[in-house]
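Please keep the sequence and the 3D view at hand while reading.

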Amino acid sequence: MSDTLRAIAICGLVGACAAGLLALPAFLPSAMANEQPLKTLLSAKDELFPKLFDPRTLAKYDVVLDPSVSTDVLSTQTVKKIGFGQVTIVTIIKTPTGTYSSDAVTSPYVQYPGIEVSRKSWARQFEDLGITGWAPAYSGSFVVLLAAGNV
């Protein structure tokens, strides 16, 4: 009995190794003649494991402008900002009262005179959408939370 089990385990292991060897070229990048093999192999990590989603992009802000800040746009420029290995599109707006960057307006490290920026809480974001609470809905053994309010 143990010989049969051992034979099945060995055949399964050999089959798994063969399947892995057949699938290996799909996981490795194609090699080029002018590149070093180690450099090509190390670049495969970026193809296999893409960058993670940044939850900070979901943040919403309240922006309050003083009457002294002009909203008349004189010129607008769109530039690419490369920082920390990421490319970000930034809009630069020039008004009679100053030059403002879309990247710096929400930054906690930059403060423009006459512009007050505060981050909305999650509860406040739901209120802006008309959601005032959550109601459970039961279906057998499943419980689903539904948005309640003026949706």
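A residue counts as buried when its relative accessible area is under 20%. The model shown here is predicted, and by that cut-off Y100 is buried, because its relative accessible area is 12%.

**The aromatic pair**
- The count of aromatic pairs comes to one, and this pair joins Y100 and Y112, whose ring centres lie 5.0 Å apart with their planes at 80 degrees, so the arrangement is edge-to-face.
- Y100 belongs to strand β4 while Y112 sits in the loop between α3 and β5 (115-119), so the pair ties together parts that are twelve residues apart in sequence.

**The nonpolar core**
- Both tyrosines belong to the largest nonpolar core, which has five residues, namely V69, Y100, A104, Y112 and I115.
- Leaving aside residues up to four places away in sequence, I115 touches V63, V64, L65, V69 and Y100.

**The second largest pocket**
- The second largest pocket holds about 230 Å³ of space, and 14 residues line this pocket, of which L65, I93, Y100, V105 and I115 are the closest to its centre.
- The elements that give two or more residues to this lining are β1 (61-65), β3 (86-95), β4 (98-101) and α3 (102-105), and the largest share, three residues, comes from β3.
- Sorted by class, the lining of the second largest pocket has eight nonpolar residues, six polar residues and no charged residues.

How values were computed:
Residues are numbered from 1 along each chain as its sequence is written. This is a predicted model: local features need pLDDT of at least 70, side-chain atom pairs count only at pLDDT 80 or more; totals for chains, interfaces and linings use all residues. Side-chain values use heavy atoms; hydrogens and water are left out. On a 1 Å grid over the protein atoms alone, a cavity is a set of points where a 1.4 Å probe fits but cannot get out, and a pocket is an open set with protein on both sides within 12 Å along at least five of seven lines; lining residues have an atom within 4 Å of a point. Grid points are joined across faces, edges and corners, and a volume is the space filled by probe spheres set on the points. Helices (H or I, at least four residues) and strands (E, at least two) are DSSP runs, numbered from the N terminus. Ala, Val, Leu, Ile, Met, Phe, Trp, Tyr, Cys and Pro count as nonpolar, Asp, Glu, Lys and Arg as charged, and the others, Gly among them, as polar. A nonpolar core is a set of buried Ala, Val, Leu, Ile, Met, Phe, Trp, Tyr and Cys residues joined through side-chain atoms within 4.5 Å. Buried means under 20% relative accessible area, exposed over 50%, partly exposed in between (1.4 Å probe, protein chains only). Contact means heavy atoms within 4.5 Å. Rings of Phe, Tyr and Trp (its six-membered ring) pair if their centres lie within 6.5 Å; planes under 30 degrees apart count as stacked, over 60 as edge-to-face and the rest as tilted.
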